[in-house]
Amino acid sequence: MARADEAVDVIIRGGTIHDGSTGKPVIGDVAIRGDRIVAVGRPGRYTAARIIDAKGMIVAPGFIDPHTHADSFLRSPDAVVRVNAAWLHQGVTTVMIGVDGYGTPDVAADSGKLAGSGIGTNIVPFVGFGPVRQRVLGQDARAPSAAELGAMQALVAKGMCEGAVGLSTGLFYAPQSFATTDEVVAVAREAAIRGGLYDTHQRDESSYSIGLLGSVDEAIAIGRRAGMPVHFAHLKALGVDVHGQAGAVIAAIDAARRAGVDVTADQYPWLASGSSLDASLLPRWAVDGGGAALLKRLDDPATLARIRAEMQDNLRRRGGPGALLLIAEGFPWSGKTLAAVADEWKLDSRDAALRIIRQGIAAPGAKVGGTAVASFNMAQADVDLLMQQPWMVTASDGSDGHPRMFATFPEKYARYVRDRKVIGLPTFIRQSTGRTADIYKLDRRGYLRPGYFADVLVFDPAAYAPRADYVRPRELSVGVRQLFVNGALALDDGRATGVAAGRALLRPRPPGCAGP
């Protein structure tokens, strides 16, 4: 008597399967039942409610973006916006939140609220050094007392016990920049003893303070002293002073890895970074105490003269006002360079920047006064070299106004895999899936394997491409045929289904936490 065929929900048939590992791709099938993968590779005896013909398509794990600023989507009051279409259309099924040190220590409440509202992608939260320090010390540039340090440590422990993947810092940004290395180590240990990693927007990617190479050494030292893995967010050599230093950065990371420190990094495939005018141009001492304190300094002629002098050097290292594109939407200067705006206003470029910054302080809000900027300050050779490293993965650093929010993964594929052949397709997929899942120890994600969660991507290698650019940064990418998030179809035939199947991927309660 013949054996009855096993019933599944979906069979993706005949695609070229890249399973997220270093193994060679195979042509075969992927079977999905519920939120899990049932089988991969050989055709089995299955019946399915839906069979997807994937001949000629690439079938891969859903992409994982380890560094995002997806808040404008995930926290929107609009259910349609919360499906996170900007990332889904790139093939991304999981995003990290709370990066650059901005993650709340109230991890359980925040993640529960997000997941409960209906989101389109999975989220992985960090506890952030910024909110932790601000709760205890405010915006002040000072060291914590012993009691204050203990309070900061307790907040990090709380975030880790509630499921954070690690501690995120943004030591370039005030008030995080006011912390010494010793302070960061003391706080990071609380994440380390609970199994977390140290994820950092390092103190200096350029020549602002301790320099790129000094900053790389500091981040590695923090991980070594705290006893935890180190992950560099959006690793780059930013600005004319450090172009060509990617090789030295790589040598420092490789030496640390040989010495036993687990060091990895992510990178976006764009030559322009994204930040704000104040972070890019103002000296850190000028923002000690927050916006009100900055305004007082700007109103004092002697202090203003000192600020303008330091801004001049910051403009130089950024490549000049012509290299700063103002990308905040809905302002008179949107889509113009700082040089062009200064010319229109008949102002020195520093004074034009200060006018915009002043407006941001006077009318804070979601647009932050329109200070968002894309800074064209990276060298192609450095980007290429970093991309080829075995410890590198892909991240968008996706933020409003920059095309990386809508187009990072297809941009990397189109420009660096298909056109320029800096890396191959297997490396691109590995850097977007399994390697990232391994770094963050994501449970049964990042691979196409039986029993793993069914985050599955089907894309057309001939059509997968970015549409967003610096002029039109909010154009959805194309070429994803189907995308499953936890077994639910989020995209079908390239179109969003509206299904919000994302989950909060919280780590199990680690040792050292009170309670069950």
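User: What is the torsion about the S-S bond of Cys-161 and Cys-513, and is the disulfide left-handed or right-handed?
Analyst: This is a predicted model, where local features need pLDDT of at least 70, side-chain atom pairs count only at pLDDT 80 or more, and totals for chains, interfaces and linings use all residues. Residues are numbered from 1 along each chain as its sequence is written, and side-chain values use heavy atoms, with hydrogens and water left out. The torsion is about -90°, so the disulfide is left-handed.

User: Which parts does this pair tie together, and how many residues apart in sequence are they?
Analyst: Helices (H or I, at least four residues) and strands (E, at least two) are DSSP runs, numbered from the N terminus. Cys-161 lies in helix α5 (residues 146-161), and Cys-513 in the segment after β21 (495-496). So the pair ties together parts that are apart in sequence by 352 residues.

User: How many disulfides does the rule count?
Analyst: A disulfide is a pair of cysteine sulfur atoms within 2.5 Å. Cys-161 and Cys-513 are joined, S to S 1.9 Å. The count comes to 1 disulfide.

User: Is Cys-161 buried or exposed?
Analyst: Buried means under 20% relative accessible area, exposed over 50%, partly exposed in between (1.4 Å probe, protein chains only). Cys-161 has 13% relative accessibility, so it counts as buried.
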